Amino acid sequence: MYGYAGTILRIDLSSGAIEKQPLDETLAERFIGGRGFVAKLLFDELPRGIDPYDERNLFIAATGPLSGHLVPASGKTHFGTKSPATGGYADSNMGGHFGPALKYAGYDMLIITGCSPVPSYLFIDDDQVEIRPAGNYWGQGALTAEKSLKTDLGEDFQILTIGPAGEQRVRYACLSHDFGRQAGRSGVGAVLGSKRIKAIAVKGTGSLPVFDLKKAFAAGKEAYKKVSAKPGFTEWTPEGTAGITNWVNEVGVFPTRNFKTSFSDHYQAINGKAILKKLKITDKGCYCCPTPCGKYGHTQTRLGNAYVEGPEYETIALFGGNCELKTIEEVAYANYLCDELGVDTISAGAVISWTIECFEKGMLSEREIGRPVRFSDLETVNYLLDKIVAREGIGDLLAEGVKKAAEKVGQGSHAFAIHVKGLEWTGYECRNAPSMMLAYMTADIGAHHSRAWVLGHDMAGAWTNVHDLVSGGGTVERQPPARIRADSARFVIDSQHTRPLFDALGICRLQLMELGFEVENYEALFYFITGKKRSWKEMLGVSERIWNLTRSISAREIKGFGRSWDFPPDRFSTEPIPSGPNEGYFIPKESLDQLLDWYYAERGWDANGLPTRQTLVRLGLEEVADQLTAEGVLTH
Amino acid sequence: MTPTVIHEKCSGCGTCKLACAMENFSAVQPARALLRIEGRFPAPGDYQIHFCDQCGECADNCPVDAIAMEAGVYRVDPDLCTGCMTCVEVCPKGVMVEQPGSELPAKCILCGACAEICPRGAIVMTESMHA
């Protein structure tokens, strides 16, 4: 099969069995790769209703057909499992160089089941695959362990690690790679830790089959020229994702003080320009990426100094806004702590800000926490991260994430536990952004922005191109109220099909979404590489199939799953924003219900938000409909 | 052609290595690439481009004189090369590359594919003054 490596690598840690099986052509045809493979494998092979830390849970690393090829930003790897954060479908993707190395070693996908009797790491050197004792690597920080393994195995190995957070099963533990790339969301690192796997080291020296190498090479070279010629190329790249910090504040969607408000007046001290001025050493790109978002640098604070990649925008939002750290050096240091400990900066920032608000409201006492905790206080961040990762005292509760922690603390603290489905909310406050609110409510892994980023549909002064996003430093003006619109549903759905399609193809979406690199280029590259003529429109149909499958997995795995799982916390439907460009706005519950009604209808789902048999059959998922019916999930 | 490498512009994406392998070996196989990108992390936190500067160490140390200068570029003569890999061991830049699946080493012939594709302008080819 052109484009693909052609083999699935299966490792059963309990028995030590290592199996290589050919990649099924029908699987590739129906689900493309990456996220599509993850969804199909989880639906078919995950035993229903198991705990995410049950050894029968799957941990999947999947590439796509374009991963490792001469396509702009072909370094994406997708990880899937049953989520310890939500109990439902989980995936999380990461850039860097890991996925291409896996493919050059000969494998499109790695499927890990079971649990190692002792802490171990996986060693993959082309055909040679071994489960090796982790020895002293176990217990090391995620960055430290990567350096140790690189030193011991050689620079040619691409290393994936977990930190102590993964070892301790913190429900938002991440996977780390390339000294600053993470698969951060959904607790994928905790599942690997539960299997007692510290790291995966991969070296691949093989080649990938290409349908028409000459044309693929020519089209690839042309693609780099076209991307470089896009106006956004010179505007986006210098600051990367941090470049939008000004804009999100100026339109008032920047999470601040645990999403209490949506504007931070110190935003120009923690923006992309601050990174360039105070931190940056080098641009740091993922595999074959012409537009490196990564800014690697060095930070100095009163708590310590560190080399760190980032902070990316999301980390700025959750630590600079939500925990209100006032300088870019402090945000970067919090970023470093999370990276070394192996926790997702987004969830960690949300958990810490929630804890501080609980303390301020008297819902958690100084005795329970162990010390006073405050916004704008790096010591607070440092203290709570240490407790969380050690699962000591209050940390054991906070390691469960805001949803479970709020259930324990009670006293109404769930109203400001900012999550959907148990996954903490990312960097966009939506009380005057109903389309983006709907995107968060319906994202399949929980409150995540990368499935659909539709602020342009909501905001006055919205961006029309990347220049509007990164120019910044402009004026902060009061925003008019956004309208609740029926076409939000279609807008969100289209985005939910477009952006995740890149997660199936194994490449980064940025060149299309931020730079406007046209879809025709991807169609041509896909054809020259795989030999399959597939239109973008037809592949979007695959994306819809995947979306319905991931929803079906959560419906099967979570008791009572449906509409009630799609709501944001009460803060967003009852508390007006107290300050900033969107002061006074909130979206009442009935409007949220209305948005869901439109969305479910547009998707062909029932009033409870479950795919109907008719919809599943239309998408070629009859076997899914049959299984859900047999298991009593689908009743019509 | 004379190569110039600007380490500070390199972002470590490795596109140059893939283009090198596609140009010289018609393979999507960066392990065959004839240049190296070294990421120095966590400290000092930068990239170094290791590129053949035609220093001639390989030719000087080849026991069978299989490497010779032609039009400003050292080339390996596959008919003479015995695959002893002495050149690989002595190359000061680590860019005389043992080829996966082949018994012979290979080296950069200044084709320019890496410079053409580099999206950061970190590798630049200029017309040689003394070609």
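Helices (H or I, at least four residues) and strands (E, at least two) are DSSP runs, numbered from the N terminus. The model described here is predicted.

## Chain A as a whole

Chain A contains 28 helices and 17 strands. Its radius of gyration is 23 Å, close to the 26 Å that the globule rule gives for 636 residues, so chain A is as compact as a globular protein of that length. Along the principal axes, the C-alpha atoms of chain A fill a box of roughly 60 × 55 × 55 Å.

Of the 636 residues in chain A, 67% count as buried. The chain exposes about 19,500 Å², and carbon and sulfur atoms supply 49% of that area. Contacts can also be sorted by distance along the sequence. Among those in chain A between residues at least 6 apart, 71% join residues at least 24 apart.

## Nonpolar cores

The largest nonpolar core has 182 residues. Phe319(A), Trp354(A) and Trp425(A) are the residues with the most contacts inside this core. A second, separate core has 35 residues. Among its members are Tyr47(B), Ile49(B), Cys114(B) and Ile123(B).

In chain A, strand β1 (residues 7-12) pairs with strand β2 (residues 17-22) in the antiparallel sense, over six bridges. β1(A) and β2(A) form a hairpin with four residues between them. Gly16(A), in the turn, has a positive phi of about 80°.

β1(A) is also joined to strand β6 (residues 109-113) of chain A by five bridges, and these two strands run parallel.

## The six-stranded sheet

Six strands of chain A make an open sheet in the order β8-β7-β12-β9-β10-β11, with mixed pairing. The edge strands, β8 (128-133) and β11 (181-183), each pair on one side only. From one strand to the next, the twist averages 20°.

Inside this order, β9 (residues 158-161) and β10 (residues 175-177) of chain A pair in the antiparallel sense over two bridges. Thr161(A) stands opposite Ser176(A) in β10(A). Helix α4 (residues 142-153) of chain A lies across β7 (120-125), β8, β9, β10 and β12 (197-203). The helix runs at about 145° to β9(A).

## Phe157 in chain A

Phe157(A) lies in the loop between α4 and β9 of chain A. Is Phe157(A) buried or exposed? Residues with under 20% relative accessible area count as buried. Phe157(A) has a relative accessible area of 4%, so Phe157(A) is buried.

Leaving out residues up to four places away in sequence, Phe157(A) touches Phe123(A), Ile124(A), Asp125(A), Lys150(A), Ala201(A), Val202(A) and Lys203(A). One of these, Val202(A), is 45 residues from Phe157(A) along the chain, and their C-alpha atoms are separated by 5.3 Å.

Most residues other than glycine have a negative phi, and most peptide bonds are trans. The sites below depart from one or the other pattern.

The peptide bond from Gly310(A) to Pro311(A) is cis, with omega near 5°. Pro311(A) sits in the loop between β15 (305-309) and α11 (313-322) of chain A. In chain B, a cis peptide bond joins Phe41(B) and Pro42(B), with omega about 0°. The loop that holds Pro42(B) is between β2 (36-40) and β3 (46-50) of chain B.

Arg169(A) is not a glycine, yet it has a positive phi of about 55°. This arginine lies in the loop between α5 (164-167) and β10 of chain A. With a relative accessible area of 33%, Arg169(A) is partly exposed.

Gln54(B), also a residue other than glycine, has a positive phi near 55°. Its place is in the loop between β3 and α2 (57-61) of chain B. The relative accessibility of Gln54(B) is 13%, so Gln54(B) counts as buried.

Note on methods. Residues numbered from 1 in each chain as written. Chains lettered and ligands numbered in written order. Predicted model: local features only at pLDDT ≥ 70, side-chain atom pairs only at ≥ 80, totals over all residues. Heavy atoms only, no water. Pairing = 2+ DSSP bridges. Axes fitted to C-alpha atoms, helices over the stretch in contact; angles between N-to-C directions. Contact = heavy atoms within 4.5 Å. Core = buried A, V, L, I, M, F, W, Y, C linked by side-chain atoms within 4.5 Å. Buried < 20%, exposed > 50% of the residue type's maximum accessible area, 1.4 Å probe, protein only. Rg over C-alpha atoms; globule rule 2.2 N^0.38 Å. Areas by Shrake-Rupley, 256 points an atom, 1.4 Å probe, with all protein chains shown as cover.
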